[in-house]
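Please look over the sequence and the model, then follow the points below topic by topic.

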Amino acid sequence: MTTIGRPARAGDRITDVAGITVGHHHRVDPDARVAGAESPNGHGWATGTTVVLITAVDAVAAVDVRGGGPGTRETDLLDPSNTVQTAHAIVLSGGSAYGLATADGVMRALEDDGVGLPLDDLGHVVPIVPAAVIFDLPVGAWDHRPDADFGAAAVRAAATDFAVGSVGAGAGARAGSLKGGVGTASVTIPDGPAAGVTVGALMVANPVGAVIDPRTGLPFDHTEADLDALGLRRPGAAEVAEVAALAAKQTVLNTTIGVVATDAALDAAMTRRLAMAGHDGLGRAIRPAHSPLDGDTIFAVATGRARPGSGAVPDAPPGMHADVALVAELCRHTADVAQRAIVDAVLAAESVASIPAYRDVVPSAFA
């Protein structure tokens, strides 16, 4: 397995949310090739699985599916009107619908650890493991895809420290014509109704659309301050032209999936609002987003480990949800971290299977 990826930065990663860890398992062979590049079916391995492990016992989970071609598991379970309102892990995987088998391995590993819904007095449990997959089958060999063993290995790798880029579920990801991957971001809100609460995101960027604006060679709608924060500068004209030329080669069957999380205590309905806000960030980062050919799916988790300071949250007017002011602020930041996580995925990605990485196509952008 090739060593790839860079460490996610502490203070800007989903595991800054108390009660969340992340594990990857992937296989990327040096000889992997995109189907059609050197053989009709590709060859080698270029795929993987990422698990977001939820260790907070009182966590609430939700989901919002907006793409026209989703590959998912246990999403109906997370409807706020249904009985079970938690999850023990969320699986993000390559392999298209075949990759949903990775959730079986995650369930097996969690069952071995005694983690799940306790359903009798004998210690038997049923782990709740929602999942979503990306379409990466044309990368490497079509029949080289993640299975249950990938899921179990990702659980065993889960930690607060993890890698981003062409790792885990992002190993075979593409972002339009460029290499996609796994990215993350977080913020601890300094003031206002959500003061002291942390919001984070982990996204697997594999969209039909582009994350890099072909007119500028930079992420869409980034200000000079945004570019400075990322260590980016405006690239030369020749490199911008190369980005534009590559844009004509983008694929048509892709998906962006991910998890947004907060350490605030929320009910299931308000947790789903965070998943919805995550799609706002997806729409900012990717052009176009939520196409009929994407399977865009975002899960949300509220771990309940933090509460705003006393008196920080104003009382809601009669007839409104009691947490409306808090959730409005959380949603604003959730959109921001989801957008930043998608951009992070593309900036951190390395070339795999002949798919060019942004940093290789536009090296002058990196200050």
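In this predicted model, five strands form an open sheet with mixed pairing, in the order β2-β3-β6-β9-β5.

**The five-stranded sheet**

- The edges of the sheet are formed by β2 (20-28) and β5 (72-73), each of which pairs on one side only.
- Strands β6 (residues 89-93) and β9 (residues 131-133) run parallel and are joined by three bridges.
- Within this pairing, S93 has V133 of β9 as its bridge partner.
- In general, the strands of a sheet pair through backbone hydrogen bonds, in either a parallel or an antiparallel manner.

**Nonpolar cores**

- In soluble globular proteins, nonpolar side chains tend to be buried together.
- The largest nonpolar core here comprises 46 residues, and V211, V260, L266, L274, L330, I342 and Y358 are those with the most contacts inside it.
- At least two residues of this core come from each of β14 (198-205), α4 (237-247), β17 (257-264), α5, β18, α6 (324-348) and α7 (358-361).
- Helix α6 gives the most to this core, supplying twelve residues.
- Another core, of 44 residues, lies apart from the largest one and includes I54, A61, A163 and V259.
- Residues up to four places away in sequence being set aside, L266 touches V60, T271, L274, A302, D323, L326, V327 and L330.

**Salt bridges**

- Side chains of opposite charge can pair when their charged atoms come close.
- The model contains 16 salt bridges.
- D113 and R156 form one of them, with their closest N and O atoms 2.8 Å apart.
- D113 lies in the loop between α1 (102-112) and β7 (117-118), while R156 belongs to helix α2 (residues 148-156), so this pair ties together parts that are 43 residues apart in sequence.
- D113 is partly exposed, its relative accessible area being 46%.
- E224 and R234 also meet through their side chains in a salt bridge, at 2.8 Å from N to O.
- Because E224 lies in helix α3 (residues 224-230) and R234 in the loop between α3 and α4, the pair ties together parts that are ten residues apart in sequence.
- E224 is partly exposed, with a relative accessible area of 45%, and R234 also counts as partly exposed, at 48% relative accessibility.
- A further salt bridge joins D16 to R13, with the closest N and O atoms 3.6 Å apart.
- In that pair, D16 counts as partly exposed at 25% relative accessibility, whereas R13 is buried, with a relative accessible area of 10%.
- R6, R9 and D344 are linked in a network of salt bridges.

**A buried aspartate, D294**

- D294 is placed in the loop between α5 (268-285) and β18 (297-306).
- Although buried, D294 has no salt bridge.
- The nearest side chain of opposite charge, that of R174, is 11 Å away from D294, and a salt bridge requires the nitrogen and the carboxyl oxygen to be within 4 Å.
- The side chain of D294 instead makes a polar contact with the side chain of S291, at 3.0 Å.
- Beyond its neighbours within four places in sequence, D294 is in contact with G67, G68, G69, P70, P207, V208, N254 and T255.

Definitions and conventions: Residues are numbered from 1 along each chain as its sequence is written. This is a predicted model: local features need pLDDT of at least 70, side-chain atom pairs count only at pLDDT 80 or more; totals for chains, interfaces and linings use all residues. Side-chain values use heavy atoms; hydrogens and water are left out. Helices (H or I, at least four residues) and strands (E, at least two) are DSSP runs, numbered from the N terminus. Buried means under 20% relative accessible area, exposed over 50%, partly exposed in between (1.4 Å probe, protein chains only). Lys and Arg count as positive and Asp and Glu as negative; His and the chain ends are not counted. A polar contact is a pair of N or O atoms within 3.5 Å; within protein, one must be able to donate a hydrogen and the other to accept it, and residues adjacent in sequence count only if both atoms are side-chain atoms. Contact means heavy atoms within 4.5 Å. A nonpolar core is a set of buried Ala, Val, Leu, Ile, Met, Phe, Trp, Tyr and Cys residues joined through side-chain atoms within 4.5 Å. Two strands pair if DSSP finds at least two bridges between them.
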